[in-house]
Amino acid sequence: MSLASLLHRLARPGLVTAALAAGALALTTTSATAAPALTQISADPYTNATSQHATEVEPDTFSYGSTIVSAFQVGRFTDGGGSNVGFATSKDGGATWTRGFLPGITTQAGGTFQRVSDASVTYDAKHNVWLISSIPITSSVTVPEVYTSRSTDGGLTWSNPVVTATGSSLDKNWIV
C-alpha cells in the first residue's frame, strides 16, 4: 500500500477521531499515574486551647512573575476564624518557600483581636507592594473592620495591619 493510499484511509473521519482519542487516552493514562511531589509550605505553630491546631484553611493565592504569595487561616475556630493569618511566599515559581504569620492582628501575634478570617492576597504592580486583606473577629464573633497588611520586600515580611474599612457586620472582604 502506498503512503498516499494509507493517508487517504486515515483521513476518513471515523478513523482519525478514533486514532486521536486513543492517543489522548494513552497520554492521560500515563501522566495520571505519576504522583506529584508534595511540598509542605507552612505549619501551625500556635498552641492556644481555644482553636483547632494543625489546621491551615481558607487559602488565597496570587502570583506575579515568578513570585507566588499564599495567605490562609491558621488554628481554625469551630465557629469561625483562626488564631492568625499565615503566609507562604515563593520568589522562584514554587521551588523554594519563605513562610510566616502576619503581625499585629490577633493576641497570638501582638494584636488585640482573638481571631481573624478571610485572608485575601494581591499584588499592586504600580507601587511594587503585596497586600493581604483580612477581617479581625471580636470575642463576640463580630467583624468591626477590615485590615490590610503590606509587604514591600516581595512578600517576605509584612507590616502591622492598617484599617481599610469600618462598619457593622463586615464580612467577605476581597482585594484585587
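Is Asn 128 buried, partly exposed or exposed? Asn 128 is partly exposed, with a relative accessible area of 47%. Its place is the loop between β5 and β6. Asn 128 is not a glycine, yet its phi is positive, at about 55°. Asp 118 is another residue other than glycine with a positive phi, here near 55°. Asp 118 sits in strand β5. At a relative accessible area of 13%, Asp 118 is buried.

Now the overall layout. The model is predicted. Its mean pLDDT is 86, and 82% of the residues reach 70 or more. Residues 13–27 need caution: pLDDT stays under 50 there. For that stretch the model has 4 contacts beyond four places in sequence. The protein holds 2 helices and 8 strands. Along the sequence, the pattern reads α-α-β-β-β-β-β-β-β-β. The protein has 176 residues, and 38% of them count as buried. Consider contacts between residues at least 6 apart in sequence: 45% of these join residues at least 24 apart. The protein exposes about 9900 Å², and carbon and sulfur atoms supply 60% of that area.

The largest nonpolar core has 15 residues. Those that touch the most other members are Ala 71, Val 85, Leu 102, Val 121, Trp 130, Ile 132 and Trp 158. Strands β2 (67–76), β3 (82–90), β5 and β6 (129–137) each give two or more residues to this core. β5 gives the most, with 4 residues. Leaving aside residues up to four places away in sequence, Ala 71 touches Val 85, Val 121 and Ile 132, among others. Its partners also include Glu 58, Pro 59 and Asp 60.

Aromatic rings come next. The structure holds 6 aromatic pairs. One of them joins Phe 113 and Tyr 147 edge-to-face, at 5.9 Å centre to centre and 80° between the planes. Phe 113 lies in the loop between β4 (98–101) and β5 (115–124), and Tyr 147 lies in strand β7 (residues 145–151), so the pair ties together parts that are 34 residues apart in sequence. Both Phe 113 and Tyr 147 are buried. Elsewhere, ring pairs link Phe 62, Tyr 64, Tyr 123 and Trp 130 into a cluster.

Last, the charges. Side chains of opposite charge can pair when their charged atoms come close. The whole structure has 4 salt bridges. In one, Glu 58 meets Arg 76, with the closest N and O atoms 3.4 Å apart. Glu 58 is in strand β1 (residues 52–64) and Arg 76 in strand β2, 18 residues apart. Glu 58 is partly exposed at 35% relative accessibility, and Arg 76 is partly exposed at 22%.

A second salt bridge joins Arg 115 and Asp 79, at 2.7 Å from N to O. Arg 115 lies in strand β5 and Asp 79 in the loop between β2 and β3, so this pair ties together parts that are 36 residues apart in sequence. Arg 115 is buried at 10% relative accessibility. Asp 79 is partly exposed at 49%.

Lys 172 and Asp 171 form another salt bridge, at 3.8 Å from N to O. Lys 172 is exposed, with a relative accessible area of 62%, while Asp 171 is partly exposed at 46%. A network of salt bridges links Asp 171 and Lys 172 with Asp 118. That brings us back to Asp 118, the buried residue in strand β5.

Notes
Residues numbered from 1 in each chain as written. Heavy atoms only, no water. Buried < 20%, exposed > 50% of the residue type's maximum accessible area, 1.4 Å probe, protein only. Contact = heavy atoms within 4.5 Å. Areas by Shrake-Rupley, 256 points an atom, 1.4 Å probe, with all protein chains shown as cover. pLDDT = per-residue confidence, 0-100. Phe/Tyr/Trp six-rings, centres within 6.5 Å; stacked < 30°, edge-to-face > 60°. Core = buried A, V, L, I, M, F, W, Y, C linked by side-chain atoms within 4.5 Å. Salt bridge = Lys/Arg side-chain N within 4 Å of Asp/Glu carboxyl O.
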